[in-house]
Structure formats: structure tokens, C-alpha cells
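Take a walk through this protein with the model open beside you.

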Amino acid sequence: MALFKKLWDALRPKATFRIATVQADAVADAHISYGDLFDRKLDALIIKGFYDAQEVARIKQGMHRMDRNRLSGYGGRYTSIPPVFEKLNKEGDASYFDRAQQDLSYLKDITQVDFEEKNFRLFQTMATQGETIASAPFSASGDHFPSGCLRSITPDYGIIRIHADNDFYRGKEQQYGYFLSQVDVRNHVSYIAMIQKAETGGNLVLHDIEYDAYAEIDNAMNLIHRTSGQKKHVDTFRKLELKLDEGDLILFSGGQIWHSVSRMGGHSDRYTYGGFSAWSLDRKHIYLWT
């Protein structure tokens with residue numbers, strides 16, 4: 001059965017996505033705007049060498065020196081610093097926001113890389129309509145999400161199951177009410193930088209499945225059509241596996257495109273830095289969060 005699946009994966013047509021690739025020092029000259037990604041003129045943008053070799057080395061060294069108590073765990077799936085919004089249990093939880101800011105400062109100190117400033121500068125380069133860049137607001141009182149986080153996944157975790165980022169808020173409209181009143185999450189653009197690759201696998205996989213059409217997946221890995229209720233197994237859809245080098249960053253339509261991470265192997269953890277982004281509803285701001 002496993003051999004048949006490998007043959008099927010090798011022979012079936014690959015998904016076709018609109019993907020552009022640029023070097024880190026040529027982003028401005030490429031004239032690719034944030035709107036090109038949000039409005040789906042492009043499905044993904046790969047920026048080669050966004051973190052240079054020295055930055056990658058410093059981040060890896062920082063992770064090895066890091067106080068493990070600073071990492072937030074998620075049921076054995078992965079760890080992150082700062083904590084992602086799964087750790088936020090109720091609106092106005094000041095300890096979450098305080099810790100997130102402390103963790104961002106700690107991460108900058110231990111790696112000598114200012115992740116937030118570096119990412120804000122990238123998004124500002126792509127903000128061709130005069131938008132300002134900021135962390136996404138959580139409440140009217142001024143609480144803001146951390147703009148990104150560093151994640152570590154052990155190879156024994158295996159794979160990251162297929163998901164669409166727009167699905168995160170379903171059933172949580174009350175908890176994220178203020179956030180959803182400010183941020184246009186119809187198609188938020190995910191951004192992920194590869195810091196340390198898994199020895200095998202660990203690659204981002206884009207599936208040719210749109211959240212607008214298929215909003216749910218069951219335990220048997222069947223996607224459920226939003227209007228007809230028809231079920232189709234995930235393996236019947238085309239997909240594309242993207243192999244990033246360490247230091248590369250990808251921005252892609254993670255809100256709408258169902259995606260996963262291929263099975264990891266070896267002994268080394270997989271490190272990535274990233275989060276989500278979207279326009280404000282009035283398109284005056286580009287918000288980042290994790």
C-alpha cells in the first residue's frame with residue numbers, strides 16, 4: 001500500500017500555483033506589492049537568503065543556549081517563543097501579552113537578530129499604498145499580539161497535518177471579536193522563514209484546495225465541500241512540495257490554501273520563524289501576528 005501511494009504521488013499531476021522567487025536584496029526592484037499576495041495575483045513569494053548565513057548561525061546558536069523554560073509547549077507538537085495565540089485563553093489576559101513582549105526581547109538578545117524589525121522592514125517595502133506596519137490588535141485597551149514567533153519541531157513529531165489558517169477563528173468569534181472587527185482575515189498571508197531544516201522532509205506542501213470551497217476536514221482526512229457537503233479525500237487533490245533553503249522566507253496565501261508539512265526524519269529539530277499577516281479592514285495598516 002505504501003509503495004502504491006509513493007507511485008501515485010510521483011505520477012499524478014502537480015498542482016499549479018502562481019509563485020515568484022526573488023533574492024533578498026532585490027525585493028524592492030521586483031515591484032511585488034503586498035496586495036499582489038493578499039488579492040491572489042500571486043499565491044506565494046519566495047525570498048532567497050532573507051536571513052543571511054551569519055544570522056542563521058546566530059539564531060541556531062541562540063536556540064542551543066536558550067533557557068528551555070522560556071519555550072511554550074503545545075501538547076508535544078512543537079515549542080515556540082513567544083507563545084502563539086493558542087496560549088491565550090481569555091480576552092484581557094495581560095500575562096500572555098506581557099510574556100510575549102518579554103520573549104521577543106529575550107529572543108533578540110540571545111540571537112542578536114531583531115526579527116520584528118527585520119520583518120516589519122520587509123512588509124514596509126511591499127506596502128505600496130502607504131500602509132503602516134504593526135502588530136495585530138487584540139483588544140480596544142491596546143493589547144497586541146506578538147508579530148511572529150520562532151518554532152521548534154522535533155523529527156519524532158512526524159508531520160504537520162493539513163490545515164487552512166482561516167479555520168483558526170471558527171467557533172471563536174466571541175473571543176477574537178475585537179481582532180476580527182479590525183483585521184481582514186478573509187485571506188491572511190502567512191510568512192515562514194526556514195532557519196534549520198529537518199534532515200529529511202519538513203517541507204511546506206501546498207494543496208490545491210481552497211478554504212472558500214472546502215471549510216472542514218474530518219478524521220478520515222476527507223475535505224467537506226462548503227455548500228454540497230461532498231467529501232473528497234485529501235490525496236485526490238493535487239499538491240506541490242516546496243523545498244526552501246535555510247535562510248529563505250516564503251509568504252503565501254495560508255488563509256485560503258490548505259497546506260501541510262511533509263514527514264520529518266533524522267535527529268535535528270526543524271526551526272522556523274514566522275506568523276500571519278493581513279490588511280486592516282480599511283487597508284491603512286498591514287498587521288502581523290502569531
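**A guided tour of the fold**

Start at F17, which sits in the loop between α1 (2-11) and β1 (19-23). Keep in mind that this is a predicted model. Is F17 buried or exposed? Its relative accessibility is 14%, and buried means under 20%, so F17 counts as buried. Now look at what surrounds this residue. Leaving out residues up to four places away in sequence, F17 touches D43, L206, H207, D208, L240 and I257. The chain also brings K239 to this region: 222 residues separate F17 and K239 along the chain, yet their C-alpha atoms are 9.4 Å apart.

Next, find strand β8, residues 189-196. Seven of its eight residues are buried, so β8 is largely enclosed by the rest of the structure. Which strands pair with β8? One is β16, residues 270-279. β8 and β16 run antiparallel and are joined over seven bridges. Within this pairing, A193 stands opposite Y273 of β16. Another partner is β14, residues 249-252. That pairing is antiparallel too, over four bridges. Here S190 has F252 in β14 as its bridge partner.

Stay on β16 and pick out T272, which lies in this strand. T272 has a relative accessible area of 7%, so it is buried. What does T272 contact, apart from its neighbours within four places in sequence? Its contacts are C149, L150, R151, I192, A193, M194 and I195. Strand β6 covers residues 149-153, and β8 covers 189-196.

Now turn to the open spaces. The largest pocket holds about 850 Å³. Its lining has 35 residues, and R151, I160, H163, D165 and F168 lie nearest its centre. Which strands supply at least two residues each to this lining? They are β6 (149-153), β7 (160-163), β8 (189-196), β15 (257-261) and β16 (270-279). β16 gives the most, with six residues. Sorted by class, the lining of this pocket has 19 nonpolar, seven polar and nine charged residues.

How many cavities of 30 Å³ or more does the structure hold? The count is one. The largest cavity has about 40 Å³ of space. It is lined by I192, M194, G202, L204, L244, I250 and R270. By class, that lining has five nonpolar, one polar and one charged residues.

What about the packed interior? In soluble globular proteins, nonpolar side chains tend to be buried together. Here the largest nonpolar core has 57 residues. Y51, F145, L251 and W289 touch the most other members of this core. Helix α5 (residues 94-111) gives the largest share, with six residues. A separate core lies apart from it, with 11 residues, among them A44, I46, M194 and I250.

Go back to F145 in the largest core. Not counting residues up to four places away in sequence, its contacts include F85, L88, Y96, F97, Y176, F179 and W289. F145 also touches S135, A136, P137, F138 and T290.

Finish with some details of the backbone. Where is P82? Look in the loop between β4 (79-81) and α5. The peptide bond from I81 to P82 is cis, with omega near -10 degrees.

Q112 is in the loop between α5 and α6 (115-126). Q112 is not a glycine, but it has a positive phi of about 60 degrees. Is Q112 buried or exposed? Exposed means over 50%, and Q112 has 54% relative accessibility, so it counts as exposed.

R283 lies in the loop between β16 and β17 (285-289). R283 has a positive phi of about 60 degrees, although it is not a glycine. With a relative accessible area of 26%, R283 is partly exposed.

Conventions: Residues are numbered from 1 along each chain as its sequence is written. This is a predicted model: local features need pLDDT of at least 70, side-chain atom pairs count only at pLDDT 80 or more; totals for chains, interfaces and linings use all residues. Side-chain values use heavy atoms; hydrogens and water are left out. On a 1 Å grid over the protein atoms alone, a cavity is a set of points where a 1.4 Å probe fits but cannot get out, and a pocket is an open set with protein on both sides within 12 Å along at least five of seven lines; lining residues have an atom within 4 Å of a point. Grid points are joined across faces, edges and corners, and a volume is the space filled by probe spheres set on the points. Ala, Val, Leu, Ile, Met, Phe, Trp, Tyr, Cys and Pro count as nonpolar, Asp, Glu, Lys and Arg as charged, and the others, Gly among them, as polar. Buried means under 20% relative accessible area, exposed over 50%, partly exposed in between (1.4 Å probe, protein chains only). Contact means heavy atoms within 4.5 Å. A nonpolar core is a set of buried Ala, Val, Leu, Ile, Met, Phe, Trp, Tyr and Cys residues joined through side-chain atoms within 4.5 Å. Two strands pair if DSSP finds at least two bridges between them.
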